[in-house]
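Subject: Structure for your review

Dear colleague,

Please find below the structure that I am handing over to you.

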Amino acid sequence: MFALQYFRKAQEENKKIVLAGCVPQAQPRQDYLKGLSIIGVQQIDRVVEVVEETIKGHSVRLLGQKKDNGKRLGGARLDLPKIRKNPLIEIISINTGCLNACTYCKTKHARGNLASYPIEELVERAKQSFQEGVCEIWLTSEDTGAYGRDIGTNLPALLWKLVEVIPEGAMLRLGMTNPPYILEHLEEMAKILNHPRVYAFLHIPVQSASDAVLMEMKREYCVADFKRVVDFLKEKVPGITLATDIICGFPGETDQDFQETVKLVEEYKFPSLFINQFYPRPGTPAAKMAQVPAQVKKQRTKDLSRVFHSYSPYDHKIGERQQVLVTEESFDSKFYVAHNRFYEQVLVPKNPTFMGKMIEVDIYESGKHFMKGQPVSDAKVYTPSISKPLAKGEVSGLTEDFRKRLGTHLSSVPHTSVVRRDPASSRMALRLQKLRGDCALGLSVGLALFALLLALLVKVYN
């Protein structure tokens, strides 16, 4: 496992390690975790005290499930202070866990059954984000389509409440939904995806176009269900971007099964396709099944990748005039990255006045994963944010009392970004105030961020 290199190097240098996320939650007795401090998926709000204890030389393990009157909670509170990776984008988890029991997945082991956040809490978090200068919100979870089934509501009900608080020009992006849980909401979802402040984009994993393979995966739908969702949305939401996932070489997958998947990709020409070579995760039912030979899995992955790269999804858009929202810098630092109505990536010139703005561009070039746009000279540049964005690295969700208690640590934070004064945040302020001195605070935050980085690496590479 790739992340193990980081653990071992840190241990060799006598550095303190805190590991968080799905892997330690699901497999806390792994040899490489011995002696390390661990935070479970529902205990991330206690990262500061775990870091403090780890600095003292203690090994701490918090893996319990949070409950309220016997009912499992969705996870850490949504109003906790946080630092956004991108001050313009707020990522909100709407639920944890899932309803499926896919035979290849470790997520259910770690996160358990579905637990949704109440609509009012999610709306409040969105409102706070816009008051802090955010212009784009991403909704995430293991399965957004299953939202609310445990608390007597559903995804469309949440989305209609959220669009009420999205400022003009700001955008909402939906995350992944499995086919079974969107089938009963297709009409409402189409209406929402046509809303001017919602990207016409949806990620719907198919995993395989063979019903036999889907049955072995326990995906709880058939290929016809997936096609029904895709065909309906393509008809009712013209131009919609539909992304999907495919696993190559699942146990028992025959050549005929694989060819069915190839035909599906050739038919729909998905502009965004995530191709994964099957890897048996220890402890899952799929790991005990008869495996497809490694060379066959590798070849099928190559073959499907070749099909994916055989078509160009954006060539027909050259010459179009589009409105795009600029939110980040490209990896090579040569462009700014924007997205159009369909969440398609559009690269624009690095003009600092464009960042965080909605601008109009003429498309003059396209690639496999992007388009390039030239700003229209006489077009209006629209600012969707209702206030100035927080500075990069600035803490979100702090009360004025919190700032006073931290004193010089946050002396540069403008008071215009203070938006919450609730007792819950004040209690968190009192807990964080226990950090002693500038060095302790800096080290704690650094270790906390390092722990979260390691958690992400483990989730990606295990």
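**Helix packing**

Helix H6 (residues 155-163) packs with helix H7 (residues 186-193) at an angle of about 20°, and their axes are 10 Å apart. Please note that the model is a predicted one. Since angles under 35 degrees count as roughly parallel, H6 and H7 are therefore roughly parallel to each other. Their crossing is left-handed. On the H6 side, the residues that meet H7 are Leu155, Pro156, Leu159 and Trp160, and their counterparts in H7 are Glu188, Met189, Lys191 and Ile192. By class, this contact of H6 with H7 comprises six nonpolar, no polar and two charged residues.

H7 also packs with helix H9 (residues 223-236), here at an angle of about 40° and with the axes 10 Å apart. That angle makes H7 oblique to H9. The crossing in which H7 passes H9 is right-handed. Leu186, Glu187, Ala190 and Leu193 are the H7 residues involved, and they meet Arg228, Val229, Phe232, Leu233 and Lys236 in H9. The contact of H7 with H9 divides into six nonpolar, no polar and three charged residues.

H6 has a further contact, with helix H5 (residues 119-131): the axes of H5 and H6 cross at roughly 30° and come within 10 Å. H5 is thus roughly parallel to H6, and the crossing of H5 and H6 is right-handed. From H5, the contact draws on Ile119, Leu122, Val123 and Ala126, while H6 contributes Ala157, Leu158, Lys161 and Leu162. Seven of the residues in the contact of H5 with H6 are nonpolar, none is polar and one is charged.

**The sheet and the helix across it**

An open sheet is formed by three strands in the order S12-S13-S14, with parallel pairing. Strand S12 (201-203) and strand S14 (272-277) stand at the edges; each has a single partner strand, so one side of each is left without a neighbour in the sheet. On average, neighbouring strands of this sheet are turned by 15° against each other, direction ignored.

Strand S13 (residues 241-248) is joined to S14 by six bridges, and the two run parallel. Within this part of the sheet, Thr244 stands opposite Leu273 in S14. Helix H11 (residues 294-308) lies across S13 and S14, and its direction is at about 170° to S14.

**Two loop residues**

Two loop positions deserve a separate mention. Most residues other than glycine have a negative phi. Gln207, although it is not a glycine, has a positive phi of about 70°. Gln207 is found in the loop between S12 and helix H8 (211-217). Is Gln207 buried or exposed? Its relative accessibility is 6%, and because buried means under 20%, Gln207 counts as buried.

Glu220 likewise is not a glycine and has a positive phi, of about 65°. Glu220 is placed in the loop between H8 and H9.

With kind regards

Key. Residues numbered from 1 in each chain as written. Predicted model: local features only at pLDDT ≥ 70, side-chain atom pairs only at ≥ 80, totals over all residues. Heavy atoms only, no water. Pairing = 2+ DSSP bridges. Helix = DSSP H or I, 4+ residues; strand = E, 2+ residues; numbered from the N terminus. Axes fitted to C-alpha atoms, helices over the stretch in contact; angles between N-to-C directions. Contact = heavy atoms within 4.5 Å. Parallel < 35°, antiparallel > 145°, perpendicular 65-115°, else oblique. Left-handed = near helix turned anticlockwise from the far one by under 90°. Nonpolar A, V, L, I, M, F, W, Y, C, P; charged D, E, K, R; others polar. Buried < 20%, exposed > 50% of the residue type's maximum accessible area, 1.4 Å probe, protein only.
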